[in-house]
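Hi everyone, thanks for coming. Please have a look at the structure on the screen, and then I'll walk you through a few spots.

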Amino acid sequence: MEGASLRERRQALLERHELQGEAFCRTYAAEADTWLAELADSATRTDSRHLALIAVGGYGRGQLCPFSDLDVVLVHEGRRDIATVADAIWYPVWDQGVRLDHSVRRPAEVLKAASEDLRVALGLLDARLVWGDPQIAEPLLERVISVWRSRLGAHWLPDLQEQVTARHHLQGDVAFLLEPDLKESHGGLRDVNVLMALAAYAPTVADYVDLEALGPAAAQLTLVRVELHRNAGRDLDRLLLQEQDQIAAQLPYRDADALMATVSEAGRSIAWVSDEAWRRRPFWQPVPARRFRQAASRRTKVRGTDGGPPASDSPLTPSDSSVGLVISNGEVGLAPSAPVATDPSLAFLLAAVAAERDLPIARPTLHRLADRMPALPDPWPSGARESLVRVLGAGHPAVDALEALDHYGLLVRLLPEWRGVRNKPQRNAYHRYTVDRHLLEAAANAASLTGRVDRPDLLLVGTLLHDIGKGSPGDHTEVGMTMIATIATRMGFPPGDVVTLVDLCRFHLLLPDTATRRDLDDPTTIETVAKSVGDRQTLELLAALTEADSLATGPSAWGPWKAGLVGELVQRTSHYLSGNTAPAPSRSTSTLANRGGSPAAEASGADGSATEGLDELLAEARRSPHPVVRFDPPHVAVAAPDRPGLLASVAGLLALHGLDVRSADVTSGGGVAAELFTVDAGQRRWPDLSRFTRDLEEVFSGVLALEERLDAKASAYAGARRPSAAHPVTPTVEIDDRASSISTVVEIHALDEVGLLHRVTRALFECGLDVVSARVSTVGDAVVDAFYVRDSSGHKVTDPTLVERVRHAVETAIT
């Protein structure tokens with residue numbers, strides 16, 4: 001490519017699609033070297049005396065992705081023409097549109113900058129000569145490494161650890177994010193560079209963590225990162241959802257799920273080594289010479305584990321000690337006499353002790369287990385299930401302990417079905433974790449809820465396995481039920497407990513789906529749930545599983561609103577299962593939230609009187625020609641003279657003001673209608689009450705063009721929206737006559753859009769139906785809305801012609 005510009009050289013390499021990953025980076029770095037050397041020769045007329053151009057950072061390592069920065073330092077020893085030379089190099093780079101991180105310094109200034117700026121110091125660790133005088137560059141680069149080991153490493157280590165922790169917190173995990181940052185996220189390429197810096201400072205770090213495991217994992221992330229740059233045509237390190245399918249096609253993966261599983265595996269490997277390195281810092285960090293002999297003496301006094309760093313033993317229970325467990329130097333390990341080759345349940349016991357004490361498992365012990373531990377037999381030996389329950393009962397420290405077993409391939413050996421969910425991505429914004437990590441996090445959450453149930457063991461194991469079917473084709477609940485029947489029997493649970501565990505899988509979505517999509521004042525809702533769960537023990541187990549599962553799913557899956565609805569459903573169902581025929585009272589405490597006056601409650605014979613606040617609102621509306629509005633976050637109540645399409649109008653205005661409706665109830669009488677909404681403002685401020693009321697009057701009078709305003713807002717949001725699920729939402733409409741004793745339920749699944757509730761309620765009104773209540777549930781980018789409707793005579797919608805007309809109208813509204 002002689003004579004070609006850097007941009008032309010890069011484009012030629014990008015068009016060579018067989019040139020991928022680290023090979024591309026090395027080739028591009030070599031082309032950049034050649035091009036910069038040509039610029040430097042031209043600028044100096046080949047006189048490189050007392051002058052050196054040094055590549056640092058990723059460019060210095062030869063890891064130059066297609067649109068990465070060129071990081072260079074021009075080092076000189078007092079050349080008078082240095083400013084002219086620098087400009088002759090920098091300006092052509094800028095003209096190429098390539099980002100440049102540059103500096104001009106004397107050797108002493110380079111060392112001073114490294115002592116004052118951690119980023120500079122880290123970049124110089126990977127520095128190499130691109131062009132110029134080796135007598136300038138080589139002594140400087142040797143000095144940089146020497147100073148880093150002797151002084152700067154210790155100086156910068158606390159700041160470096162603090163930066164790593166903050167970055168991990170901010171950027172999340174490569175292994176679990178829907179759209180991970182391949183460079184900055186926990187387990188990303190930045191962590192690899194930091195680990196290499198630690199090894200340059202303290203080579204003994206390699207004695208405590210497996211640095212060799214970083215090479216394949218880093219190569220995998222680099223492979224994907226290069227294709228991400230190639231595909232996007234820019235410096236993009238976040239693996240966006242819309243890029244994943246095309247990148248999977250460009251690389252040898254069957255689909256994007258396989259791509260993301262591989263990215264997850266690489267991220268977990270890097271994160272594991274990074275976390276281990278920082279956790280073991282007291283062992284590998286150099287100590288001053290006067291303290292070295294004392295530390296070495298301490299390390300030779302106790303030898304208890306499989307070669308792990310020894311220290312004084314901590315006491316264990318006699319039963320744990322009897323099978324060879326030891327605690328040494330802050331780690332849990334196995335004595336040489338432990339029966340590793342004959343008792344695979346030791347792995348669970350080891351993890352249990354580690355989790356209970358929040359200690360790591362000794363690395364040599366993990367290697368020994370990986371080399372010699374057999375699979376668990378069928379059925380499990382006595383004590384294996386108890387050890388599993390014990391580790392799960394330790395709560396969140398159990399996640400690290402079981403992840404340690406998983407990292408060495410031991411969890412699959414103990415539970416073969418785990419292989420299907422391992423690193424299994426859940427490619428939507430609703431889930432924050434891969435399936436396997438979700439199950440571990442959910443079980444950890446369940447450990448804090450065991451006090452609510454009579455059978456903690458069933459709760460913990462049922463939570464661990466509730467999504468195990470996601471690792472196999474088919475409906476994950478149906479598949480999971482079959483798998484759990486086999487697993488639970490193999491574990492040694494009696495038949496009755498196996499049935500309960502299968503039911504926990506069968507009904508693990510029953511409570512959240514019912515609570516958010518059905519009218520809890522309708523007796524049919526409670527009867528249906530009660531008949532499904534069968535008894536109070538299963539109900540209480542499902543209630544705890546629901547909370548643990550939702551908390552592990554993501555931030556939008558559990559909150560005060562959903563927790564309140566699920567709690568109310570559980571209370572009412574438990575009341576019913578206790579033999580009480582009268583409906584349980586609502587747990588709601590807000591004067592506007594009490595739904596005692598809902599049509600379902602009135603028809604059921606429950607207390608049909610509205611609360612005093614709602615009574616006053618209705619009375620005021622009867623006296624006033626204007627709508628009456630009350631805000632009582634998270635509730636909005638509107639009372640106005642009854643008019644066609646009132647619910648659609650209010651719902652549309654709520655959307656226009658940035659309030660997302662979660663539920664709606666409607667009642668009317670005496671020519672006045674009252675509508676009670678539960679809403680979510682998110683991070684937005686609540687609208688001004690007087691402004692909202694004025695806008696509502698303008699909607700009624702036709703002054704405010706609600707449809708046009710909603711369309712404009714929806715278009716604005718649609719333009720800014722990026723997909724947050726692997727597959728687009730397929731709009732569906734279901735019409736159910738059995739879900740309620742007095743109403744027909746119209747349930748929709750659709751993409752969450754501004755004004756959707758307004759469009760659907762308007763469509764229902766135009767079909768001549770009355771909407772008496774609605775429930776809105778958001779799942780990532782999708783919504784599941786349920787509308788309780790009646791025909792003009794106040795009955796269920798049973799006429800087949802009308803049913804099809806409703807279906808067509810609603811489908812039109814949501815598509």
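Which residues do ring pairs link into a cluster? They are Phe-631, Trp-686 and Phe-692. Rings of Phe, Tyr and Trp (its six-membered ring) pair if their centres lie within 6.5 Å; planes under 30 degrees apart count as stacked, over 60 as edge-to-face and the rest as tilted.

A quick word on the source: this is a predicted model, where local features need pLDDT of at least 70, side-chain atom pairs count only at pLDDT 80 or more, and totals for chains, interfaces and linings use all residues. Residues are numbered from 1 along each chain as its sequence is written, and side-chain values use heavy atoms, with hydrogens and water left out.

The structure holds 8 aromatic pairs. One of them, Trp-272 with Tyr-408, is edge-to-face, at 6.3 Å centre to centre and 75 degrees between the planes. Trp-272 lies in helix H11 and Tyr-408 in the loop between helices H18 and H19, so the pair ties together parts 136 residues apart in sequence. Helices (H or I, at least four residues) and strands (E, at least two) are DSSP runs, numbered from the N terminus. Trp-272 is buried, with a relative accessible area of 18%, and Tyr-408 is buried too, at 16%. Buried means under 20% relative accessible area, exposed over 50%, partly exposed in between (1.4 Å probe, protein chains only).

Phe-631 is partly exposed, at 21%, and so is Trp-686, at 26%.
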